Amino acid sequence: MRRQPKSSKLNFLKNIFLIACGVGSACFGLKSFLLPSGFIDGGVTGISLLVRNLTGIELPYLIVLINIPFVILGYKQIGKLFAIKTALAIVVLALLLIVAPFPPITHDKLLIAFFGGFFLGGGIGLSMRGGGVIDGTEVLALFISKKSSLTVGNIILILNVIIFSFAAAFLNIETALYAILTYLSASNTVDYIVNGIEQYTGVTIISEKNENIKKFIIHQMKRGVTIYKGEGGYGIKKDIDILYTVVTKLEMSKLQTAIRSIDPDAFVIQQQIADIKGGVVKRQSLH
């Protein structure tokens with residue numbers, strides 16, 4: 001029998017730890033903020049909270065029942081390990097909602113909306129980092145996006161608009177408005193955790209003075225550069241070197257200033273990218 005590599009075991013334990021922290025954070029956000037005030041959020045958790053407010057059925061049962069179709073969908077679309085992690089995370093969250101002694105923290109509605117979304121979003125983001133989810137909305141959005149021209153972001157937005165509309169119709173408009181604040185807080189927290197607190201920007205540079213720009217990036221900014229061999233397609237065809245580098249948002253202004261001073265006519269394309277692993281950017285940011 002082959003032994004599992006040590007790195008694989010450490011990665012597995014890391015994922016379990018992230019999911020456990022995510023479940024704890026989500027439970028705290030729900031029990032200490034959203035549940036005592038009757039507030040709701042977006043996604044499957046929002047649906048569960050909405051149904052709870054309308055029917056009185058306990059939230060732990062609703063979270064498990066409503067997420068079952070999404071766990072099955074995740075098994076078919078993503079894989080067995082993802083479905084197992086997701087199912088266990090949802091069941092543990094439901095159990096914690098029953099037994100965890102988290103008291104209400106505040107009665108201020110604005111604080112409840114913001115911090116309820118913050119801790120719930122943090123829980124969702126940490127679980128996603130660990131390779132599972134505690135809210136099946138993303139799985140459904142991914143499935144629908146493959147069958148239509150809509151993006152995942154558009155589908156999630158549409159689903160949440162429907163949830164907030166039902167909240168306004170069956171609860172009250174004030175609750176729906178606070179739900180939107182909760183959702184915005186949660187979604188931004190998820191973005192920070194999943195994509196990294198440091199926001200990275202991929203920069204493509206086409207310039208006649210690419211050698212000078214390359215030297216500045218390597219020697220002054222201490223960043224790596226990838227060179228693509230290209231051919232101009234406008235006017236006279238000629239071979240050109242296309243520079244590509246990745247910098248943090250804080251460094252983007254410095255790079256733009258340098259490019260303008262070296263070659264004001266340089267063609268620069270910026271693209272926001274998710275969290276990266278390895279490379280000069282990651283190593284340099286640790287110093």
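Let's start with Ser25. Leaving out residues up to four places away in sequence, Ser25 touches Phe119, Leu120, Gly122 and Gly123. Contact here means heavy atoms within 4.5 Å. Ser25 sits in helix H1, residues 6-37. Helices (H or I, at least four residues) and strands (E, at least two) are DSSP runs, numbered from the N terminus. Ser25 is buried, at a relative accessible area of 15%. Buried means under 20% relative accessible area, exposed over 50%, and partly exposed in between, with a 1.4 Å probe and protein chains only.

A word on the source. This is a predicted model, where local features need pLDDT of at least 70, side-chain atom pairs count only at pLDDT 80 or more, and totals for chains, interfaces and linings use all residues. Residues are numbered from 1 along each chain as its sequence is written, and side-chain values use heavy atoms, with hydrogens and water left out.

Now the whole chain. It has eleven helices and four strands. Of its 287 residues, 41% are buried. Take the contacts between residues at least 6 apart in sequence: 73% of them join residues at least 24 apart.

Next, helix H3. It runs over residues 59-77, which is 19 residues. From first C-alpha to last, H3 reaches 27 Å, close to the 27 Å expected at 1.5 Å a residue. That expected span is 1.5 Å times one less than the number of residues.

Where does H3 have its kink? At Ile68, shortly before the proline Pro69, and the kink is about 40°. The bend at a residue is the angle between axes fitted to the seven residues ending there and the seven starting there.

H3 has a buried set too. Among its members are Leu59, Pro60, Leu62, Ile63 and Asn67. Phe70, Val71, Leu73 and Gly74 in H3 are also buried. Just after H3, Gly79 takes a positive phi of about 150°.

Then comes helix H4, residues 80-99. Two packed helices are described by the angle between their axes and the distance between the axes. The axes of H3 and H4 come within 10 Å and cross at roughly 175°. So H3 is roughly antiparallel to H4. Axes are lines fitted to C-alpha atoms, for helices over the stretch in contact, and angles run from 0 to 180 degrees between N-to-C directions. Under 35 degrees counts as roughly parallel, over 145 as roughly antiparallel, 65 to 115 as roughly perpendicular, and the rest as oblique.

Which residues meet there? On the H3 side, they include Leu59, Ile63, Asn67 and Tyr75. On the H4 side, they include Lys80, Phe82, Ile90 and Leu97. The contact residues divide into 14 nonpolar, three polar and one charged.

Lys214 is in helix H9. Is Lys214 buried or exposed? It counts as buried, at 18% relative accessibility. Beyond its neighbours within four places in sequence, Lys214 contacts Val225, Ile227 and Leu243.

Lys222 lies in the loop between H9 (210-220) and strand E2 (226-231). Most residues other than glycine have a negative phi. Lys222 has a positive phi of about 60°, although it is not a glycine. Lys222 is partly exposed, at 45%.

Lys254 belongs to helix H10, residues 249-262. Lys254 is partly exposed as well, at 46%. Lys254 touches Phe216, Gln220 and Met221, again not counting residues up to four places away in sequence. Lys254 and Met221 are 33 residues apart in sequence, and 8.8 Å apart in space, C-alpha to C-alpha.

Notes
Ala, Val, Leu, Ile, Met, Phe, Trp, Tyr, Cys and Pro count as nonpolar, Asp, Glu, Lys and Arg as charged, and the others, Gly among them, as polar.
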